[in-house]
Amino acid sequence: MRIQTNHRWLLFVLRNISLLLFVFIFVAFSLFNERFASLRNFENIILASADVGIVAIGMTFVLLTGGIDLSVGATMYITGAVVALMLEDGWGLAASIPCGILAGTLWGCFNALLISRVRIIPFMVTLGTLTAGRGLGLLITQSRHISVPNEMRFGAVRLFDLAPIPVLVFALMVLVAVVILKYTPFGRQIYAMGNDGEAAKKAGLNTTRLTAAVYIISGFCAAVASIISISQVGSVSASFGRGIEFQAIAASVLGGTSLFGGVGNVFPGTVIGILLIQMIQNGLIFMRVDLYLQEMVKALVILFAVFVDAQRMSLIKRLERRNIRLEKRIARPAEAKKLEWTAWQ
Amino acid sequence: MDDLILQFCGINKSFFGVKVLKNVSIDIQRGHVVGLIGENGAGKSTLMNILGGVVPFDSGKLLLDGQEYAPRDPAEAAQFGVAFIHQELNLFNNLSIAENFFISGFPKWRKTPLIDRKRIRLAAQEFLAQVDLNVSPDTTVEKLSPGERQLVEVAKALSQDARIIIFDEPTTSLTTRETERLFDIIERLKSAGKTIIYISHILRDVLRLADEIVVLRDGEVVKTGPRRDFNIQTMISSMVGRYLGTLYPERASQPTDEVALEVRHLSKSGIVHDIAFSLYKGEILGVFGLMGSGRSELAQILFGLDTYDTGEIVVQGCPRNHRTPRKSIQQNMAFVTENRREEGLLMTATVAENMGLVALPRYATSTGGVIRQSLLSEAIRNTVSSLRVKVNDAFQNQAKGLSGGNQQKVVLGKWLMNYPSILIVDEPTRGVDVGAKYEIYSIINDIAAKGAAVLFISSEIEELIGVCDRILVMGFGEILGQFSKSEFNRERILQTAFREGGK
């Protein structure tokens, strides 16, 4: 493909914008506070990314099919409520955690059933199960704030002297997700369906089952994320998991996943996306931004990043368009710059 | 000597009580190329959809190698070795070529659930070689040109061990060179013993490729025989059912000398260079160019869908620099894009909704902007009947259910309802049958007769010669020549288009 030389660097920037944004924000925060750029703080960022990151993995599966799962926060809450109540009742970790994960996965199955069989649009279904799930959680906990026993607070425990458990679980989930998406028929068929659902059906793919699978995966991921979150926070309250869908969707989109399906990946895409979001959050704390202001700033920054991302996609498309004529060279550098500037507008 | 691979025996099919296939019987010889022609709505697609397992048939018999054959879905048809290459390709753009070949059944690596990537790559390479496509099987389909994608689709059919390959209008988005290449491949497939069914409105191509030609009209086989029994004229008359004396309607008016659109030194880096021409009121100005000549890109710039670097576009005497489609529409410009499926129509909206789209502001109340539904509906009804759009109920039927020619009339109607003074049409008759073509030319003539200026972009020289007052030839993003009506000459226009450009 012939691309004009003066666009090459611009394309490079655009293609790697989330990585560059990452570096840029990192440097910016580091200038404000020297402790920000420490290894320790970096570990904190990764540690804080684990639970949202796991949710974002499941979300990426769903987005790849062109769907959406708004109910992940509620799924987390249901799982959290089941685990906390069972632990309170004296069931051990070995019983509570699997039951909690099962509960969350079942909530995902419920989404899957309504979307793939009853064929209600994902946005409405998951908006409904978000509300219903929150209600269910409140009902079974009576909206109590439940603290969990110490053995559940394993969030800071390092395994094999390597890394804290949440980070390891996150890494494992990323690995499994990458293998599934890239190297299994199921994964490739998800991409195919996201690209063109009609064509997928014509090619003999079982689109009903594929659709169902991604919502179940999303439910499972949210459930695992819930366990990780409890292990770090040490309690389950009525606001547990609230608003996580925004961060998870934003992370996927920042990482290059298209909301229209068929485009995106978990690694590096979604992982970079979530680290970026957590870094912003972490940096705001370092800068001692007012706690109430933080939420707004965070949302604005994420929205801005997603906006840049959307602009980037259309710009890449324009720049990559095949040229009809092979111009000898672009007239003058100054004019070339002006051109790029207008391209940004 | 008869070695029949496929026999249609008295096939009948109705949709909602309308008979679309009536007692169709066709015998197809193994290793032959069969050209299937007919107007839109003649039943070609339905017949092929039956063969490809997309729809079932009502009665009759289908014999494949003498065995009864009734595929339930495309996957089953593929198992029997029937591959259907649709006009809109069924490839997944975001996947690699190799992945596309095996999407419905990946071979596994040993006993793991993982894809055997090495095997699919090797297999894909082999089939790509058979169609002379020299690209890596790991290439994402997105990065291929339309012609290459078509070949990938052929290779995919071969990878599924197809014995019968159906091509439905395969050349509509190909360049001349790509078309030649496809024809070579088809010849080669034929000598390898594959049976080909070739559907096209481009009769020249059918005449060149086919061993036998089958003509369908109103769901019936009206004529069938070896190629030597046919020429273009007999093909047309048996398709249409009457003798079409002229393919092009008479012009009822003359161009004026009032300039409607003037373009001066228009350039966009890498796309078009130093374009200059004037378009007069009442004139039909043809723009001839092959795929990739910059003709469609020019149209998009003129309508404000794309930017330009230098130059001027003067519409009805007002120079405008930063154009947008909205401004263009306000200045009474209209643009029928070359891609009606994706850009021209809202396929799932009704015919009426599509038609009303551009002219909506005309039917809104001056205060509050509420649509006056009864006025609008009446205008839509008038347009539907004056353009003779064949649709049961314009207010109920979706645009996607219409044939290509009728869809194009809806697109034209949408703009006509806004009374355009400058109309740009880009390949308005692509994928449209002979009868509907004539009607589209008549509509364009009428618009010109009413004083509108028409820019008619096409890659078919014959239709430009038949319809236009003047022809510009484009290539390499430049205007390479201009022909007035008295100078029209097929060979000279082609020569001009192929001339090396841009010194």
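β7(B) and β8(B) run parallel and are joined by five bridges. Strands and helices here are DSSP runs, E of at least two residues for strands, H or I of at least four for helices, numbered from the N terminus. Two strands pair if DSSP finds at least two bridges between them. Within this pair, F167(B) stands opposite Y198(B) in β8(B).

Before I go on, this is a predicted model, in which local features need pLDDT of at least 70 and side-chain atom pairs count only at pLDDT 80 or more, while totals for chains, interfaces and linings use all residues. Residues are numbered from 1 along each chain as its sequence is written, and chains are lettered from A and ligands numbered from 1 in the order in which they are written.

Back to strand β7 of chain B, residues 164-168. Is this strand mostly covered or mostly open? Mostly covered: five of its five residues are buried. Buried means that 20 or more other C-beta atoms lie within 10 Å of the residue's own; exposed means 12 or fewer, partly exposed is in between, and the C-beta atoms are placed from the backbone. In a regular strand the side chains alternate between the two faces of the sheet. In β7(B), I164(B), I166(B) and D168(B) point one way, I165(B) and F167(B) point the other way, and all are buried.

On to β6(B), which pairs with β7(B) in the parallel sense over four bridges. V82(B) stands opposite I164(B) in β7(B). V82(B) belongs to strand β6, residues 82-85 of chain B. Why does V82(B) count as buried? Because V82(B) has 26 C-beta neighbours inside 10 Å. Leaving aside neighbours within four places in sequence, V82(B) is in contact with L51(B), G52(B), A77(B), A162(B) and I164(B); contact means C-beta atoms, placed from the backbone, within 7 Å. V82(B) and A157(B) are 75 residues apart along the chain, and their C-alpha atoms are separated by 8.3 Å.

Now the sheet as a whole. It is an open sheet of six strands in chain B, in the order β6-β7-β8-β3-β9-β10, with mixed pairing. β6 and β10 of chain B are the edge strands, each with a single partner, so one side of each has no neighbour in the sheet. Neighbouring strands are turned by 15 degrees against each other on average, direction ignored. For angles, axes are lines fitted to C-alpha atoms, for helices over the stretch in contact, and values run from 0 to 180 degrees between N-to-C directions.

Strand β3 (residues 33-37) runs parallel to strand β8 (residues 195-199) in chain B, with four bridges. There, G35(B) stands opposite Y198(B) in β8(B). Further along, strand β9 (residues 212-217) and strand β10 (residues 220-226) of chain B are antiparallel over six bridges, with I213(B) opposite G225(B) in β10(B). β9(B) and β10(B) form a hairpin with two residues between them, and D218(B) in the turn has a positive phi of about 50 degrees. α8(B) lies across β3, β9 and β10 of chain B, at about 30 degrees to β9(B).

Next, the domains. Chain B is divided into domain 1 (4-240) and domain 2 (259-498), with bounds from an automatic or database domain assignment. 11 residues of domain 1 of chain B are in contact with 12 residues of domain 2 of chain B. Helix α8 (residues 232-240) of chain B gives the most to the domain 1 side, with three residues. The centres of the two domains, taken over C-alpha atoms, are separated by 32 Å.

There is a second open sheet of six strands in chain B: β16-β17-β18-β13-β19-β20, again with mixed pairing. Its edges are β16 (333-336) and β20 (478-484) of chain B, each with a single partner strand, so one side of each is left without a neighbour in the sheet. The twist averages 15 degrees from one strand to the next. Strand β19 (residues 470-475) of chain B is antiparallel to β20(B), with six bridges, and G475(B) stands opposite E478(B) in β20(B). Helix α15 (residues 434-449) of chain B packs on this sheet, touching β13 (284-288), β17 (422-426) and β18 (453-458), at about 150 degrees to the direction of β18(B).

Finally, the whole chain. Chain B has 17 helices and 20 strands, and 47% of its 503 residues count as buried.

Conventions: Two residues are in contact if their C-beta atoms, placed from the backbone, lie within 7 Å.
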